[in-house]
Amino acid sequence: MHPTNKPRTRGRPRRFDPDAAVEKAQQLFHARGYDAVSVADVTEALGINPPSFYAAFGNKAGLYGRILQRWADHGAIPIADILLPDRPVDEALAALLEEAARRYAASAADPAAAGCMVLEGVRCNDPDARETALAFRRAAEEMVRDHVAARHPEQARELSEFVATVMTGMSAKARDGHGVDQLLATARLAGSAIREALSE
């Protein structure tokens with residue numbers, strides 16, 4: 001064998017990189033929403049056939065779970081970095097809401113990707129995909145509740161639910177076309193309400 005010749009590997013070579021496929025599929029789901037994306041849409045966008053899709057991801061909900069994990073790792077709000085233990089609760093929650101406003105607004109680089117992948121996913125029709133999204137949402141809400149409870153245990157539930165409601169509303173408004181200035185105005189008004197609630 002000539003030393004520059006590479007030995008053949010057994011089996012068919014993979015036609016795509018699953019991690020790169022998840023990244024590309026994430027853009028599709030974010031732009032259209034879970035329900036509006038079919039397996040055919042995904043396979044066409046990725047340039048693969050259905051058997052390759054099912055072999056890599058199991059089903060559409062399986063791919064969505066991979067997408068949400070990638071979103072949590074690379075695109076979601078860094079909640080732990082905002083809700084620092086030594087940061088005043090009102091300041092931290094206000095900062096969280098403002099960061100959400102900035103991230104939920106459609107950007108010039110990607111105008112279709114507005115809103116939060118997780119919060120929009122909890123309303124999809126697929127029960128498996130919906131449960132996956134709900135698990136991510138619950139984890140985020142628990143982080144907020146724990147942060148408040150460390151210093152204001154009597155208000156932890158009320159304030160964490162208020163923050164979750166505002167974030168859900170901002171995500172929906174972003175999907176409806178609200179820009180960053182409108183979303184920030186909402187976030188700042190909510191931040192003022194939180195400061196007032198904690199000062200009582």
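Colleague: Over which residues does pLDDT stay under 50, and how many contacts beyond four places in sequence does the model have for them?

Modeller: This is a predicted model, and pLDDT expresses the predictor's confidence in each residue. Residues 6-13 are the stretch where pLDDT stays under 50, and the model has 0 contacts beyond four places in sequence for them. The chain as a whole averages a pLDDT of 89, with 90% of the residues scoring at least 70.

Colleague: In which elements is confidence lowest and highest?

Modeller: Confidence is lowest in α1, with a mean of 89, and highest in α6, at 97.

Colleague: How many helices and strands are there in the chain?

Modeller: The chain has 10 helices and 0 strands. Its pattern along the sequence therefore reads α-α-α-α-α-α-α-α-α-α. The C-alpha trace spans about 80 × 35 × 30 Å along its principal axes. Of the 200 residues in the chain, 38% are buried. Among contacts between residues at least 6 apart in sequence, 69% join residues at least 24 apart.

Colleague: I now turn to helix packing. At what angle do α1 and α4 pack, and how far apart are their axes?

Modeller: Two packed helices are described by the angle between their axes and by the distance between the axes. In this model, α1 and α4 pack at about 90 degrees, with 9 Å between their axes. The two helices are therefore roughly perpendicular to each other. From α1, the contact includes Val-22, Glu-23, Gln-26 and Phe-29, while α4 contributes residues including Leu-63, Ile-67, Arg-70 and Trp-71. By class, this contact has 8 nonpolar, 2 polar and 5 charged residues.

Colleague: At what angle do the axes of α9 and α10 cross?

Modeller: The axes of helix α9 (residues 156-175) and helix α10 (residues 180-199) cross at roughly 170 degrees and come within 10 Å. An angle over 145 degrees counts as roughly antiparallel, and α9 and α10 are therefore described in that way. Among the residues that meet are Leu-159, Phe-162, Val-166 and Met-170 in α9, and Leu-183, Ala-187, Ala-190 and Ile-194 in α10. By class, the contact of α9 with α10 has 13 nonpolar, 1 polar and 1 charged residues.

Colleague: Let us consider charged side chains. How many salt bridges does the structure hold?

Modeller: Side chains of opposite charge can pair when their charged atoms come close. The structure holds 11 salt bridges. One of them joins the side chains of Glu-23 and Arg-70, at 3.5 Å from N to O. Glu-23 lies in helix α1 (residues 18-32) and Arg-70 in helix α4 (residues 60-74), so this pair ties together parts that are 47 residues apart in sequence.

Colleague: Are Glu-23 and Arg-70 buried, exposed or partly exposed?

Modeller: Residues under 20% relative accessible area count as buried and those over 50% as exposed, with partly exposed in between. Glu-23, at 37%, is therefore partly exposed. Arg-70 is also partly exposed, with a relative accessible area of 23%.

Colleague: Which residue forms a salt bridge with Asp-41, and which with Glu-120?

Modeller: Asp-41 pairs with Arg-32, their closest N and O atoms being 3.3 Å apart. Asp-41 is partly exposed at 23% relative accessibility, and Arg-32 is partly exposed at 43%. Glu-120 pairs with Arg-123, where the closest N and O atoms are 2.5 Å apart. Arg-123 is partly exposed at 44% relative accessibility.

Colleague: Which residues are linked with Arg-102 in a network of salt bridges?

Modeller: The network links Arg-102 with Glu-98 and Arg-188. Arg-102 lies in helix α6 (residues 89-104) and is partly exposed, with a relative accessible area of 41%. Leaving aside neighbours within four places in sequence, Arg-102 is in contact with Val-180, Leu-184 and Arg-188.

Colleague: Finally, where is Arg-151 found, and with which residues is it in contact?

Modeller: Arg-151 is in the loop between α8 (127-149) and α9. Its contacts, apart from neighbours within four places in sequence, are Leu-84, Pro-85, Asp-86, Arg-87, Pro-88 and Val-89. At 36% relative accessibility, Arg-151 is partly exposed.

Note on methods
Residues numbered from 1 in each chain as written. Heavy atoms only, no water. Salt bridge = Lys/Arg side-chain N within 4 Å of Asp/Glu carboxyl O. Helix = DSSP H or I, 4+ residues; strand = E, 2+ residues; numbered from the N terminus. Buried < 20%, exposed > 50% of the residue type's maximum accessible area, 1.4 Å probe, protein only. Contact = heavy atoms within 4.5 Å. Axes fitted to C-alpha atoms, helices over the stretch in contact; angles between N-to-C directions. Parallel < 35°, antiparallel > 145°, perpendicular 65-115°, else oblique. Nonpolar A, V, L, I, M, F, W, Y, C, P; charged D, E, K, R; others polar. pLDDT = per-residue confidence, 0-100.
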